[in-house]
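Have the sequence and the 3D view open as you read.

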Amino acid sequence: MKLKKQVTVCGGAIFCVAVFSLYLMLDRVQHDPARRQNAGNFPRSQISVLQNRIEQLEQLLEENHQIISHIKDSVLELTDTGAVAPSGQLPFRSANGSWVLPFDGRPTFLSVMPQDCQFALGRRKDTELQMLDVYSLLNFDNVDGGVWKQGFEISYEPNEWDKEPLQVFVVPHSHNDPGWIKTFDKYYSDQTQHIFNNMLVKLAEDPRRKFIWSEISFLAKWWDSVDTQKQETMRKLILSGQLEIVTGGWVMTDEANVHYFAMIDQLIEGHQWLEKNIGVTPRSGWAVDPFGHSATMPYLLKRANLTSMLIQRVHYSIKKHLAFSRNLEFMWRQAWGELSSLLRELTSVCSSCKLSKLVCILGSVIPCCLAADTDSSTDIFCHMMPFYSYDVPHTCGPDPKICCQFDFKRLPGGRVNCPWKVPPRAVVEANVAERATLLLDQYRKKSKLFRSKVVLVPLGDDFRYDKALEWDQQYLNYQKLFDYMNSHPEMHVHAQFGTLTDYFNAIYKMNGVAQGARPPDYPVLSGDFFAYADREDHYWSGYYTSRPFYKNFDRVLESHLRGAEILYSLAVAHARHLGMEGRYPVSDYTFLTDARRSVGLFQHHDAITGTAKEAVVIDYGTKLLRSLMGLKKVIINAAHFLILKNKDLYRFYQTEPFLETDDRRATQDSLPQRTLIELDPSPRYLVLFNPVEQERLCVVTVLVNTARVRVLTEDGQTLPAQLSAQWTSPSEMSPDGYQVSFMARLPALGLAVFHLYDSFDSPLTLRSDAALRLNGRGLTVRGVDPLPLRTLAADERRFYIHSQSLTLGFSGTTGLLESIRRKDDPQEVRVQMEMLIYGTRPSKDKSGAYLFLPDGKAKPYTQKERPVVRVVEGPLFSEVVSHYQHFQLTVRINNVPGVDGLSLDITTLVDIRDQANKELAMRLVTDIQSKDTFFTDLNGFQIQPRRYFKKLPLQANFYPMPTMAYIQDTQYRLTLHTAQALGVASLDSGQLEVILDRRLMQDDNRGLGQGLKDNKRTANKFRILLERRAGASKALDSGPISFPSLLSHMTSAILNHEVLALPVVPKKRGVPPLRTFSPLSAALPCDIHLLNLRSIQGQQEHVPSPYTALILHRKGLDCSLEAQNPGFNCSTTQGRLAIAGLLQSLDVHLLQPMSLSLMFSSTPLTNTSVIHLDPMEISTFRIKLR
């Protein structure tokens, strides 16, 4: 109470000072002649002087409004830093049963500038094509369209091209999966290397021949295996334009399950390889095989300076709709993109309308301002292929029976034929006229679906052109057809081989616009293209969850990669700063390169998707594990150097690591096991790494060998700790170690040092209280001294666990969550957890790795015996663990102030290896009136509103959830955060459900040739965040955009970037003095995310250059949710960030804006520059640290 009074008095005093300062400034404005002279060249009349004073007053009012707003927020948050124990240091229980901890007493504040909230509230101009509206409009019927089964009959007038001939670009390509039926290396040795070798010979035979290539992972492997002569030949083909590199990523990434960190990283890895070895910059994107398309990809390609892109796998009804209205080519715009552009140009627009600044900021812009048509900076030109597939029968035109006759690999005598029973015929003089006329008819019909008289005709398929014979078959026959067409003016066509960019350039030229600019009358589209169906009701929504073990492993590796990149860059920079570069293991860059490429490879659309053969999955897993072990070495070596108080004592020994790893994985398909820390009376040092760019107050748990444990901070302050058991079974404690949990405040991106002792005197180490609800089960119960273990009689009444922030209610019957009550909220909110089972259809079409074809609605999960429920309570965390036959569900709440204590930590340990054709789901049932609307993220980058459509089958209403999904009404928002990509749906108002694992016994006829039977024991991790909404708007809620709150962004960050606990290896000669490493000299604005600090490649192999890529993302915020104390100082700055002085003890010698993937550079900024990011903007800078 005393603290609150002091804070209130201080806040009031500051307020008075601010008001008095305003009065003095106004008085000075009135009496200062110099100020009056600066009013501009207005006549000295009473009106102009008055107008000038009003404008100055508006400016001053705005500035002071911001100051007062900051003060108000700060005062509110200063009073809410968590309960403080009375003068003693021991934790104690409050009246409601929650523990109160001795808190470090550091005041924290949350201050979000009002302007930073405007982005989510702003009005947006509607795009012509909003995918949510398109979904509402369509019937999704499947009417037989004739030869184009999923389309319609196409007709044309013969004279349509008399004045302007049709331009045809036939684009040969070969789609090479970096792992699917075969492993990456097996595909390379069997097929891909031969494609490259043939390419060198066959393209050189005729300069009119063209080809495109996408996957740099294969190109890099081939490049390293050939001599310099072949390398130079390849380089000439690319630089001359005969061979085009499209997209240029390490792989053709999946777009549903991938996180935007990995999407960007694999793009950088591919582009950096191209820059170093070829010297070429990709201009066009090519994505023919990802199973649905995300709106994140066009934004990333645009930021990488690509001008155009192509997509293929889109729901057949969507394709038909867009084809019918000739909207298959469009400018793909981010749903939030228009506002970002408007914000950037607000000042100039207001100036042109002669409106005062205050009026503009308040949003009262008169119609002439709104009429300003500013093309969004996020627009990219996109071509959608119209037909079923990217193979030759579905690319020349609407009739696959005819198009197949022009796939000359299928000539009689070969291993591939045409399913339509009409084989191709070699083109000879006797038939060239008939063949050319037949093919031209298809080209013309295809062109009728587009707005220009330029038509794109891909010519290829999976692993095509691996034999020299096919190069001859395709190129020679097509060249005869082109020669005939081009030599007959009456056909009004010019046909040729081309690259993808050749086609796009022809579009731009025909429309008289620059590369990447919007052609006149072309539509603007926003939204995404999930879920994908290729025929009937066959929705590809199963792969959102398939093989969840590896989806989780991927996210763990990504977090380690980002952490290792940051620590390595900082360690090398500090070593250079101290002149110690020669003593630091700079060669660790090899581990980084290996991990970048392993992570990149796994983003392939048959890897992270869980849609590869079992042997291929093992190969991916082996690569991931090898890279994880390498990254742990990088982190350990960097942490060792950075925490040494005296760097002169630094010694690196490859065989004697200074730190141990936090956990270990025995095999690529096993769950991690915590490292056991052996304690004795001498201090054992523990280093904690916080990969998040904000200070972190959290509960850290480590495994120790003794119950007599004492935890101290670096300066010797004893910390409250909670001792709890390891469990060998639902009812038996393990005698082989104890878990000790303590509250730690960790510096942003930093390393903190703690001491652990085996001590008889440990007054602040309190034991957990464990109770078992056996529900009549006759199980062996075994406790371990000194931890108490109680058994409770069967009781079906609801029971509760508490923290200072939350009270959770659980079913006495199932042990599953039933309710959440937030502190200071009298209402207990229903959040009921249900476990469900989906089966698959009894008919011939069944669920598989790709498809989700359920046998109806989900049925409740049941088992013969009631579950064993374990309740553990203590001062730092409390948890309820429900043990079922096929899963173990843990709900934990951490009793700490701030982000870590405001959400529920959920772990589902799933094992369905004895099931057949079953999918396990977790459903949250609430009273939130969400109706048919819910929200899922796209790639962890942005939020996409969704609607449940009754007109669509159940499986069509599932969507990818890489990091979060939420439902909301005017009172509450409930967010399910996830640490792995899974499929999610809201099948009824107030519900969210997620598929946890799927075991399927058959193939689903999409080429894999097997089911999903290699399930693992899988730990899925979630956080549930319940927030109260303060300023909800029905108009905004129904719009095409939504944003998480600041707290939600932070919750996602701590879930996906766990603290790494690194014990110092005991040394015979003792451990040298250590100290906490805090790299930042000032806190980053809490809406700016440090996506990466990536050492840039050097010219020598495995050695970095002196430059580092600084990649930043400014997040969009929804401020309508009730602000809560984050546990650290948090403020926003309207996207401004001063780079100079940002890092302690390091100077920034270069600050150069770059394209996203570092291939295009802008003029370097001064070292003292303040950079600015718009909301949602991702920007890359090349910096040099010294």
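What is the handedness of the link of Cys396 and Cys403? It is left-handed, with -90 degrees about the S-S bond. Keep in mind that you're looking at a predicted model. In this pair the sulfur atoms sit 2.0 Å apart, and both Cys396 and Cys403 are buried.

Searching the whole structure turns up four of them.

Now step along to Cys404, which forms a disulfide with Cys418, again with 2.0 Å between the sulfur atoms. Both partners lie in the loop between helix H15 (400-403) and helix H16 (432-447), 14 residues apart. Buried or exposed, where does Cys404 fall? Cys404 is buried, because its relative accessible area is 0% and the cut-off for buried is under 20%. Cys418, at 8%, is buried too.

Cys117 belongs to helix H4 (residues 115-121), while Cys1119 is in the loop between strand S47 (1104-1114) and strand S48 (1130-1131), and the two are 1002 residues apart. This link is left-handed, with -85 degrees about the S-S bond. Cys117 counts as buried at 13% relative accessibility, whereas Cys1119, at 32%, counts as partly exposed.

Before you leave, look up two further cysteines: Cys382 is buried at 0% relative accessible area, and Cys698 is buried at 4%.

Note on methods: Residues numbered from 1 in each chain as written. Predicted model: local features only at pLDDT ≥ 70, side-chain atom pairs only at ≥ 80, totals over all residues. Heavy atoms only, no water. Disulfide = S-S within 2.5 Å. Helix = DSSP H or I, 4+ residues; strand = E, 2+ residues; numbered from the N terminus. Buried < 20%, exposed > 50% of the residue type's maximum accessible area, 1.4 Å probe, protein only.
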